[in-house]
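Subject: Structure handover

Hello,

Here is the structure I promised. Please look it over, then read my notes below.

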Amino acid sequence: MAKLGHEWILRLGDDALVLAQRLSEWCSHGPALEEDIALSNIALDLLGQARALLTLAGEREGQGRDEDALAYFRTDREFSNALLVEVPNGHFGDTIVRQMLFDQFALLRYEALAGQSAEPEVAAIAAKAVKEVRYHAAHSAQWVVRLGDGTDESHNKVQESLNVLWPYTQELFEDDAVSQACAAAGVLPLNASYHARWKEQVLAILEEATLNCPETSALLTGGREGKHTEHLSYLLAEMQVLQRTYPGAKW
Amino acid sequence: MVTERVARVQRVLEQVMDPELPFLTVTELGMIRGCSELEDGTIEILLTPTYSGCPATDAIQEDIEAALSPMETRFKIRVVHAPTWTTDWISDAAREKMRQNGIAPPEGSSADKAFLLGKAQEVPCPRCNGKDTKLVSPFGSTACKAHYQCNACAEPFDHFKCF
């Protein structure tokens, strides 16, 4: 069977890489030592997933690009991550709400990937990622509940986080030619197909957290085709500066 | 087939220690998934990481290369992702070594998802063996560990997560 192009693997890798970079900004800035370590641990898991996925995407592309070439030498317009993962960290509540929204999505996507046989290399990476993301998802959900159902101040703060982040979630469930090809090949279901399940799980967490699901039709999208917020450019500038200045530098 | 050359390599691999758990070998942790002789005579070692992002994976590859270099045998290390590494592959003897070194080993089988379902898992204290312990954080000093504390003797300790 002909293998699918590399673009869809790159999307998975870019989601993981950009969120790993965002979370690692918390290192030494966490609200408590345990959370500092937790967010850094999660960043490390995501970075590991990104490395495996970018390596595979590079091999599939066949242009001789390895994980480093893809991470350090692409411009913002060449990144295909969803906008949600590039949103700046904000305060701890902003970060944890973003994480919960993404974890619930990532878990569904990796579970679907792990169970398919059309792309065994990706299935193997996904099977490992499922185990890791389950821990992330349990952690972020517990914190959303603790903050939402906490003090008036923590409740109001994470309700505001949710209101700001919610419009970014729609993009996760959009389909285009790339995701349609995956669905046709039996690799991944259409993104739209797990929207209902995602929403059900997220609403259950929000209910326990006494938070209201925002009623909005606002839709922020474009990341999959390289149309990002300006935040990604700054993130990449920091992530890429060393390799751009001293190409191929190793230590 | 296990040739004499493969057996010699395996004996060396059984001496390579994990950099984060220096009392356990990478073989005992179940990270070596195969060792065989290819048609051209190269010995191929299959290595699987514990967690995707475990930074020790690179160090372990270097340690294996260093351990095998005096043998003057051609070898290569291939990192494999399937089947997925699980703590079920850690032997009882290795679990006992963890306990002796102050780390609570994974309890039971990875099929038990108690923590993920929000239930507290019983993790006995490796110091006093007391069962009254509390989870401080699900993320500990390395990706594979959670942070616990004993309510009886107050010992803070790492728990190797069931994974």
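L46(B) stands opposite R78(B), which belongs to β3(B). Strands here are DSSP runs of E with at least two residues, helices are H or I runs of at least four, and both are numbered from the N terminus.

A word on the basis. This is a predicted model, where local features need pLDDT of at least 70 and side-chain atom pairs count only at pLDDT 80 or more, while totals for chains, interfaces and linings use all residues. Residues are numbered from 1 along each chain as its sequence is written, chains are lettered from A and ligands numbered from 1 in the order in which they are written, and side-chain values use heavy atoms, without hydrogens and water.

**The sheet**

Strand β2 of chain B covers residues 43-47. It runs parallel to β3(B), and 5 bridges join the two. Two strands pair if DSSP finds at least two bridges between them. Helix α1 (residues 4-13) of chain B packs on the sheet. The helix touches β1 and β2 of chain B. Its direction makes about 150° with that of β1(B). Such angles run from 0 to 180 degrees between N-to-C directions, with axes fitted to C-alpha atoms, for helices over the stretch in contact. Contact means heavy atoms within 4.5 Å.

The sheet itself is open, with 3 strands in the order β1-β2-β3 (chain B) and mixed pairing. β1 (32-37) and β3 (75-79) of chain B each have a single partner strand, so one side of each lacks a neighbour in the sheet.

**L47(B)**

L47(B) lies in strand β2 of chain B. L47(B) counts as buried because its relative accessibility is 0%. Buried means under 20% relative accessible area (1.4 Å probe, protein chains only); exposed is over 50%, and partly exposed is in between. Beyond its neighbours within four places in sequence, L47(B) contacts residues including I32(B), I60(B), I64(B), I77(B) and V79(B). G30(B) is 17 residues away along the chain, with 9.0 Å between the two C-alpha atoms.

**Chain B overall**

Chain B has 3 helices and 7 strands. Their pattern along the sequence is α-β-β-α-β-α-β-β-β-β. The C-alpha atoms fill a box of roughly 55 × 30 × 25 Å along the principal axes. Of the 163 residues in chain B, 50% are buried. Among contacts between residues at least 6 apart in sequence, 51% join residues at least 24 apart.

Best wishes
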